[in-house]
Amino acid sequence: MLHKYRGRALLITTGACAIHCRYCFRRAFPYADAQLHKSREDAALDYLAADASIGEVILSGGDPLLLSDERLTALLCRLAEIPHLKRIRIHSRVPLVLPSRIGAGLPSVLSGTRLQAVLVIHANHAQELDSTVDAALSRLRGEGVTLLNQAVLLRGVNDSVQALAELSETLFLQGVLPYYLHLLDKAAGTSHFDLPLAQALALHRELRDTLPGYLVPRLVREQAGQAAKTPAEFLAADSN
């Protein structure tokens with residue numbers, strides 16, 4: 001369990017992923033040593049129960065939606081027993097890369113407790129959002145799951161206003177609100193995907209001029225030791 005942001009804590013539920021992204025900064029993470037087995041789950045839930053300041057639990061990995069419906073149900077029910085928790089947030093690529101996993105049972109599992117369910121998908125380009133993905137997302141929306149998207153700004157993939165605007169428009173058509181656009185996290189072998197900060201900021205400014213505000217994701221970077229994601233414009237100010 002990771003607890004570095006005020007009001008929310010993150011549980012690594014599994015090391016398994018449905019896809020291995022070439023730009024992923026977690027490729028070297030020791031998932032085999034961090035599985036949420038029974039004793040760790042008990043300890044994590046005891047920690048959450050003892051800290052009334054935590055209102056949201058984030059399930060991450062790996063990919064939490066690769067857990068079985070039975071495993072997810074059991075975990076969510078235990079979390080729902082903690083009275084000060086309000087929301088469960090799940091980060092997943094599964095609706096895009098394995099939409100068949102979002103069958104009849106899974107959406108009701110996610111919405112089956114008193115906790116508000118938020119699912120953050122990860123689409124970098126509109127071409128990932130085909131009709132099968134739309135159908136999977138529709139099943140989730142039908143159960144009242146709030147859908148957000150996070151993307152990574154990648155050179156040669158989505159580093160144009162046209163690509164980013166099309167992504168936001170397509171997401172919204174499928175009931176997903178653009179949330180974050182991440183600057184690339186540094187990882188070995190990914191420098192060819194990186195975009196200079198000044199270029200990323202100029203691109204984001206042009207995107208704001210192109211789209212209504214609710215379709216413009218926040219351009220951010222994860223920085224060690226910070227209490228929240230750092231907006232890219234703050235990074236630029238700090239460098240001057």
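Me: Before anything else, what does "buried" mean here, under what relative accessible area?
Reply: A residue is called buried when its relative accessible area is under 20%, and exposed when that value is over 50%; partly exposed residues lie in between. Please note also that this is a predicted model.

Me: Then is P64 buried or exposed?
Reply: P64 has a relative accessible area of 0%, so it is buried.

Me: Where is P64 found?
Reply: P64 sits in the loop that runs between β3 (56-61) and α2 (69-80).

Me: And which residues is P64 in contact with, leaving aside its neighbours within four places in sequence?
Reply: P64 is in contact with T13, T14, L59, L72, I90 and H91.

Me: Changing topic, how many helices and strands does the chain have?
Reply: The chain contains 8 helices and 9 strands. Its radius of gyration is 18 Å, close to the 18 Å given by the globule rule for 240 residues, so the chain is as compact as a globular protein of that length. The C-alpha trace spans about 45 × 40 × 30 Å along its principal axes.

Me: What share of the residues is buried?
Reply: Buried residues account for 49% of the 240 in the chain.

Me: How many residues are in the largest nonpolar core?
Reply: That core has 58 residues, and L59, L65, L79, I88 and L153 have the most contacts inside it. In soluble globular proteins, nonpolar side chains tend to be buried together.

Me: What does L153 touch, then, beyond its neighbours within four places?
Reply: The contacts of L153 include L164, L181, L183, L184, F193, L195, L203 and L219. N158, D159, H182 and A200 are also in contact with L153.

Me: How far apart in sequence are contacting residues across the chain?
Reply: Among contacts between residues at least 6 apart in sequence, 80% join residues at least 24 apart.

Me: Now for Q223: where is its place?
Reply: Q223 lies in the loop between β8 (218-221) and β9 (230-231). At 27% relative accessibility, Q223 is counted as partly exposed.

Me: What does Q223 touch, not counting residues up to four places away?
Reply: Q223 touches T230 and L235. The C-alpha atoms of Q223 and D185 are 9.1 Å apart, although 38 residues separate the two in sequence.

Conventions
Residues numbered from 1 in each chain as written. Predicted model: local features only at pLDDT ≥ 70, side-chain atom pairs only at ≥ 80, totals over all residues. Heavy atoms only, no water. Helix = DSSP H or I, 4+ residues; strand = E, 2+ residues; numbered from the N terminus. Rg over C-alpha atoms; globule rule 2.2 N^0.38 Å. Buried < 20%, exposed > 50% of the residue type's maximum accessible area, 1.4 Å probe, protein only. Contact = heavy atoms within 4.5 Å. Core = buried A, V, L, I, M, F, W, Y, C linked by side-chain atoms within 4.5 Å.
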